[in-house]
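Please open the model in your viewer, with the sequence panel beside it, and follow the stops below in order. Each stop says what to select and what is there.

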Amino acid sequence: MTAGRSGRRRGARSRPLAGGSRAERLAPYVLVAPAVLVIVVLRLYPLLLGVNFSFTGDGQRNGTAVGLDNYLELLDDPLFRTALGNVGLLVLLLPVAVAIPGLLATFIHLRVPGHRFYRGVYFFPAVLSPVIVGAIFNLLLAVDGPLNAVLGSVGLGPVDWLGNPDVAMFVVVGVHIWATFGMALVVFLAGFATLDAALLDAARVDGASLFQVIRHVIVPGLSRTIAFVFVTTMIGMLTSMFGLLFVMTSGGPEGSTYLPEYYIWIQQGQLNRPALASAASTALFVIMLVVGLLQVKLLQRAGRED
């Protein structure tokens, strides 16, 4: 009898523990459920609708299934091909866009003179509106603006920074990097907080140069941070330059500064071709997905080789 009672007591005590462990297992799913619901309703479902809409027609064929006609029209459109070419240019300039905040964060972490002041100044452009940034640089880069006045004072002729098709895209990308690198700088500084300070001290004791410290200590130690900055910077370049393009060049000169997002706005907002804009949006999504995955793979392989 005593043994039976003790067994029932142990069973009674174990039931709350089992129920508690089950609740603990379900708790993470309950906590992430609202976020998952928001993503599904506000992101994935509209994305699927947009992809489906890209296979329908515009104008007289509105709502009619047209297969791949919209995508074939995109490939035949010289403006869209120019936009794709500019995407390739962004990919080539991406290492520069990542290296600039990475090096500045390195200098701040190594406490160069005035590092506290630089920490605040470097982030300041990130809080400015792209419209304000574009307006400021329109004044600075005008043919009769201050920059050309400085060049003229040293015997160099004026440059049409925003009117030359061979130069304009590089100028807009440079302005975008200046305006947004502060956020990547903050991410790098957060990554430095996780870096083992003993490794830096050991490198200094061994007499390693700054380049060697960056190559053999900082880059391997911040590999995940670098991968994150690469992907987010590329996404920002592909989806956050509309304001600068609209204010500084409006896609010109001769369509040389078109990017997919600007092309999408033209088709949807001015030409009233939502199905073609949906096709361009789907193409932009695929481009970002492929480029992001390739960047992550390449960075992971480089990290393993180090």
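This is a predicted model: local features need pLDDT of at least 70, side-chain atom pairs count only at pLDDT 80 or more; totals for chains, interfaces and linings use all residues.

Residues are numbered from 1 along each chain as its sequence is written, and side-chain values use heavy atoms, with hydrogens and water left out.

**The whole chain**

Begin with the chain coloured by secondary structure, where there are 13 helices and zero strands. The radius of gyration, taken over C-alpha atoms, is 27 Å, well over the 19 Å that the globule rule (2.2 Å times the number of residues to the power 0.38) gives for 306 residues, so the chain is more spread out than a compact globule. Of the 306 residues, 34% count as buried, where buried means under 20% relative accessible area, exposed means over 50%, and partly exposed lies in between (1.4 Å probe, protein chains only).

**Asn70 in helix H2**

Next select Asn70, which you will find in helix H2, residues 69–76. With a relative accessible area of 2%, Asn70 is buried. Which residues are in contact with Asn70, leaving aside its neighbours within four places in sequence? They are Ser54, Phe55, Thr56, Ala275, Leu276 and Ala279, contact meaning heavy atoms within 4.5 Å.

**Helix H10**

Move on to residues 223–239, which make up helix H10 with its 17 residues. From its first C-alpha to its last, H10 reaches 24 Å, close to the 24 Å expected at 1.5 Å a residue, the expected span being 1.5 Å times one less than the number of residues. The buried residues of H10 include Thr225, Ile226, Phe230 and Met234.

**The loop between H11 and H12**

Now select Ser250, in the loop between H11 and H12, where it has a positive phi of about 55° although it is not a glycine. At 43% relative accessibility, Ser250 counts as partly exposed. Glu254 is found in the loop between H11 and H12, and its phi is near 60°, a positive value in a residue other than glycine. At 75% relative accessibility, Glu254 counts as exposed.

**An aromatic cluster**

Show the side chains of Phe242, Phe246, Tyr258, Tyr262 and Trp265, which form one aromatic cluster. Rings of Phe, Tyr and Trp (its six-membered ring) pair if their centres lie within 6.5 Å, with planes under 30 degrees apart counted as stacked, over 60 as edge-to-face and the rest as tilted. The structure holds 10 aromatic pairs. The rings of Tyr258 and Tyr262 have centres 5.2 Å apart and planes at 90°, so this pair is edge-to-face, and both Tyr258 and Tyr262 are buried.

**Ile264 in helix H12**

Finish at Ile264 in helix H12, residues 260–270, where this residue is buried, with a relative accessible area of 15%. Leaving aside neighbours within four places in sequence, Ile264 is in contact with Ala277, Ala280, Ser281 and Leu284. From C-alpha to C-alpha, Ile264 and Leu276 are 8.1 Å apart in space, and they are 12 residues apart in sequence.

Conventions
Helices (H or I, at least four residues) and strands (E, at least two) are DSSP runs, numbered from the N terminus.
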